[in-house]
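Subject: Handover of a structure

Dear colleague,

Please find below the structure that I am handing over to you.

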Amino acid sequence: MRAARLIRMALLVQSNPGLTAAALARALDVSERTVIRDAQALQEAGIPVRSERGRTGGYHLAPGYRTRLTTLHPTEAETLFLSGLPSALRDLGLSDAADTARLKLTATLLPSVRAAAEASVRRFHLDAPAWFREPSAPELLPELARAVWSDRIVALSYARPGRDGAPASAVSRVVEPYGLVLKAGTWYVVARLRDGDGSGDLRGDGPGGGWRTYRVDRVTALAPPAPGGPEAFVRDAGFDLAAHWEAHARAFACALLRTAVTVRLTAWGLGRLPDVVDGAAVEDALASASAPDDDGLVTLTLRAESEDVAHDQLARLGADVEVLAPASLRARFRQRAAALAALYRAEPEKA
């Protein structure tokens, strides 16, 4: 609705003076021409929005003017009180501050809106960790969170897992900690590498141009950078933590899928495939699927972490999947089928 868009535009200009028409158009998902028309509509409504040219130009409100459009709608209050994860705030050492902020916000709400906010808390609870695991906050998480908040460079020690059962190895890195991500109960820090000699130069080696992701529970120590170097870093304003994580998570999941398996599926098996195979593999597999043959069977190639994983996943589909390649995996299914046939050939003896 246009009224809601006008309110958003006024609040955006108030909180971010100097936004250009292009920036406002992106934020509001409209054209720049619509932004210009909306600015005129706000002026006609008595809100002194003005456009200025030059390096410090963009849209501004008249000096000293503050909008009074900050009253929350009940639905907005419900959403706001659902926006935090209690366990995440506790892990970060912010639960007391969050409780105080909610009390202050509640005290300023109208009675009807306050009731809506309290009702959302009674009806919904967000629990991030997965089942069958005891969540525990990494010891260094609060300190690392403070470094993220203050854009402070840190030297971290990290226990890098070994491959094929090898013990973990200790590594040290000087990084710019850009953000923290809570994924399925596990905390990760997204950071950009710097030279470890204190010079402050960014390292662009390796995939991702120097960006790394570390599990916080494997960080064993945090320290200031080497003496003589900068203590803080200038954050890249164009960095989008959510977009970076989404790309990283997909690339990581795809990198684990090293084994290609060709299968033939019934319609039922094809429909069940997303329930038994890793999500990162399903999308690519379905894109490679053939048209159904005369028997309604579809052939496709999917990727798995290993033959062991592929065997465990595809076995859940029973006779609705036939493994065509690799030959070693097909042989395993043939052996499994023979063992099952032998087991069920006769009725069990009565006790």
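The following notes describe the chain as a whole and then several of its residues.

This is a predicted model, in which local features need pLDDT of at least 70 and side-chain atom pairs count only at pLDDT 80 or more, while totals for chains, interfaces and linings use all residues. Residues are numbered from 1 along each chain as its sequence is written, and side-chain values use heavy atoms, with hydrogens and water left out.

The whole chain

The protein chain contains 13 helices and 10 strands; these are DSSP runs numbered from the N terminus, with helices being H or I of at least four residues and strands being E of at least two. Of its 351 residues, 32% are buried. Here, buried means under 20% relative accessible area, exposed means over 50%, and partly exposed lies in between (1.4 Å probe, protein chains only). The accessible surface of the chain is about 22000 Å², and carbon and sulfur atoms account for 54% of that surface. Areas come from the Shrake-Rupley method with a 1.4 Å probe, and for residues only the protein chains shown count as cover. Among contacts with a separation of 6 or more, 61% join residues 24 or more positions apart, where contact means heavy atoms within 4.5 Å.

Glutamine 313 belongs to helix α12 (residues 307-314). Is this residue buried or exposed? Glutamine 313 counts as buried, because its relative accessibility is 9%. Beyond residues up to four places away in sequence, it touches Val276, Val277, Asp278 and Ala304.

Aspartate 278 sits in the loop between α10 (267-276) and α11 (279-287). Its relative accessible area is 28%, so it is partly exposed. Setting aside neighbours within four places in sequence, aspartate 278 contacts Leu257, Glu305 and Gln313. Its C-alpha atom is 9.8 Å from that of alanine 310, which is 32 residues away along the chain.

Helix α13

Phenylalanine 333 lies in helix α13 and is buried, because its relative accessible area is 18%. Apart from neighbours within four places in sequence, phenylalanine 333 is in contact with His311, Leu314, Ala315 and Val323. The C-alpha atoms of phenylalanine 333 and alanine 315 are 8.1 Å apart.

Leucine 340 is also part of helix α13 (residues 327-343), and at 40% relative accessible area it is partly exposed.

Yours sincerely
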